[in-house]
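Please open the structure in a viewer and keep the sequence at hand.

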Amino acid sequence: METFMDRFKSLTRYWWALLILGVAICVVGVIIFAYPGESYIGMSALFAVLMLVSGIVELGIAFTEKYMVGRGWAAIVGVLEVILGIVLICSPAISAMMLPIMLGIWLLFRGIGLIGLASEMNHFKVKGMGWTILLGILLMICALMILIQPMFGITAVVVWVGVSFLVAGISMAVFAFQLFGIRNQFNRLAE
């Protein structure tokens, strides 16, 4: 029977996947600010593909390790992202029309999932988990701002989308580096 510590250790193995995902989401946020006049349909298509890829990565992490801490959170978020990504890719018109609402819901789930993972990891008294929880809260605030004002025009959506993607990407990257630090601690203890 695996101990809780062994299950937690398995989560740290995939710190690099979360870092890559975080950097990719940050890059999308920067692109949104760099080209705000680009097609709204293009942004919604990019969002749909990013959501699908993000869901696949989450599911891969959730189901690769049998005894992973936070596995349930990763699996739920991953399934939702894959389903929404497929729906949005198959229906570009729906994707463009529903972008603010889908994006707001997606970011809300991301924030909740981040807070849930950080809370579970807090059992190990990991330094910086407060920052991870704060970033999850900020992500939820960005999501609520998008959900509250989706009809105020493309400019508001583009700004909130860009900010939200930057916050989401930074929070994932910070979390990945925290996992990397924990992994190094495990490796030192094993030596």
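**Cysteines, cores and a ring pair**

Select Cys26 to begin: this residue is buried, because its relative accessible area is 18% (buried means under 20% relative accessible area, exposed over 50%, partly exposed in between, with a 1.4 Å probe and protein chains only). The model is predicted, so local features need pLDDT of at least 70 and side-chain atom pairs count only at pLDDT 80 or more, while totals for chains, interfaces and linings use all residues. Residues are numbered from 1 along each chain as its sequence is written, and side-chain values use heavy atoms, with hydrogens and water left out.

Next, select Cys90, which is exposed, with a relative accessible area of 61%. The structure holds zero disulfides (pairs of cysteine sulfur atoms within 2.5 Å).

Now select Phe165. Leaving aside neighbours within four places in sequence, Phe165 is in contact (heavy atoms within 4.5 Å) with Ile25, Cys26, Val28, Gly29, Phe47, Leu50, Leu103 and Trp106.

Which residues touch the most other members of the largest nonpolar core? Among its 27 residues, they are Ile25, Phe47, Leu103, Trp106, Leu107 and Phe165. A nonpolar core is a set of buried Ala, Val, Leu, Ile, Met, Phe, Trp, Tyr and Cys residues joined through side-chain atoms within 4.5 Å.

Finally, select the one aromatic pair in the structure. The ring centres of Trp15 and Phe180 lie 4.4 Å apart with planes at 55°, so the pair is tilted (rings of Phe, Tyr and Trp, the last by its six-membered ring, pair if their centres lie within 6.5 Å; planes under 30 degrees apart count as stacked, over 60 as edge-to-face and the rest as tilted). Trp15 is buried at 18% relative accessible area, whereas Phe180 is partly exposed at 32%.
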